[in-house]
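User: I have a structure to go through for class. Can we talk it over?
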Amino acid sequence: MAGAQSCRPPAPDEDVKPFTPEKTKEIVMSLQQPAVFCNMVGNWPALHWNVEYLSAVLEGKKIQFRLGLKTVDLVPQFETSCSYVEATLEEFLTWSCGQPSCLSGPFSCYDYSKYWAYADYKYIARIFEDKPEIFQDVRWSDFGFPGRSGKESTLWIGSEGANTPCHLDSYGCNLVLQVQGRKRWHLFPPGDTSFLYPTRIPYEESSIFSKVNIANPDLKRFPEFRNSTAHVVTLSPGQVLFVPRHWWHYVESIDPVTVSINSWIELDADHEARVEEAITRMLVCAIKSAENPSDGDLWLNPTEVEATSHEINLQYLNKAVSAYLKCQETSVSGQAHSSSSGAKQRTNTSCKRKRREAGCEPESCTLLTQKCDFPAPKAEELRKIPFGPHLIQVLPQSHKTSVVGAVAVESDGRDLLHENEGEHFGKLQCKRKRLLMSNDCEAAAHQMDSDCSPCTSQTALSTNDLLDCLVNPRVISLVAQLLLERMRV
């Protein structure tokens, strides 16, 4: 009888979700690979946040758009090479419909057939600061994070072709709700880092960029990119993508208008990552500030207001180290995993990327957090992850095929397109395993050799060449460990 009763159709005003909040959080904290949640947000008011609705709510308020060329070059289109305009969503909609806009308006100089526009990384708490009631339209409590709403989330609005250069986020993991249109995600595991040629130029705290243009890779300059394995998925409205910690991602809008909402979930490992980021900031700012400014050397990302002073950077480093050590002490005392429920949940990662957006400078960032909330998943937890129609793996390319394939998975009347059988740039897997198993020194040397191609006509090394090696994630990780060991003595 109980089984029959549980199979009854839901009432019209009842929202039945495949996972409880507690189970969803357990899944999120156990997953080591990207996955898509389906049928989890059917009753979220935020699902109605299309551009027309948001335009009406904002009532003519202007927001900044980043514009880039639709033509695909061998070089990534970093934010330093884009144009910027202030415009209303109504003006954006008119332009994105392909209507002639050359007569007037902020988009008048940008032909829709040649350019894309992106209002990216817009903190909802900031752009809707006079309408705080709208924060409750986003309900991350359904994913096991009580108290987390739109206030701790970020809004993304783009036209067809709008994209984010391939990068990894230093802090947290990521939940992304697709609201309008579709976006294609190209994801690469942390183990592919050396194949993606990481760089900190342009510099931006918490973002490590790839030198490779994923959409059109220069395999002569970056030959090891062939060994990377892409996990590709097209995200449709109503679906939520989980991006694990330190997974690389390149994201592109494939419909005329797209809207997404994301929230970064803080993790224990962020404490050490903040130490690494503080070391990186100190080195990059010190070295690049000492260099004579040159035309075209836009080393600071537009999201970073200015190069902070050595004194401020040192303060930031000391606060990050203190926070890490305090977390370690708390963990040892057995208080590390106290409940993170309610509004007291940590929101360090709200300041994650754009400190100027959140009004958050190093002195005011909440670094001295007392809690270390999420323990590492146990092996038996990983085996219990309930993949199926409501939780779909974003799979790597099949080793048996070299063509881009597509597998459609039904989800509440929508297709989840998995080009996740696609985009392997690979050579033999045995070579890839040898590279991953090699020690750090060999891997670093190999990367330098392939990046700088042993060529007699190679020009002199630049400051950026030095920085690519000096602040390589592997090097910074080692420096952070040595620094923390020194503090423990």
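User: What covers the buried residues of α13?
Analyst: The cover includes α6 (270-290), α7 (310-332) and α12 (463-470). Cover here goes by contact, meaning heavy atoms within 4.5 Å. Helices (H or I, at least four residues) and strands (E, at least two) are DSSP runs, numbered from the N terminus. This is a predicted model: local features need pLDDT of at least 70, side-chain atom pairs count only at pLDDT 80 or more, and totals for chains, interfaces and linings use all residues. Residues are numbered from 1 along each chain as its sequence is written, and side-chain values use heavy atoms, with hydrogens and water left out.

User: Which residues in α13 are buried?
Analyst: Ile476, Ser477, Ala480 and Leu484. Buried means under 20% relative accessible area, exposed over 50%, partly exposed in between (1.4 Å probe, protein chains only).

User: Where do they sit around the axis of α13?
Analyst: On the same side, because they cover an arc of only 100°. The arc is that of the directions from the helix axis to the C-beta atoms.

User: Other topic. Is Lys131 buried or exposed?
Analyst: Lys131 is buried, since its relative accessible area is 18%. Lys131 lies in the loop between α5 (124-127) and β5 (154-159).

User: What does Lys131 touch?
Analyst: Val57 and Glu59, leaving out residues up to four places away in sequence.
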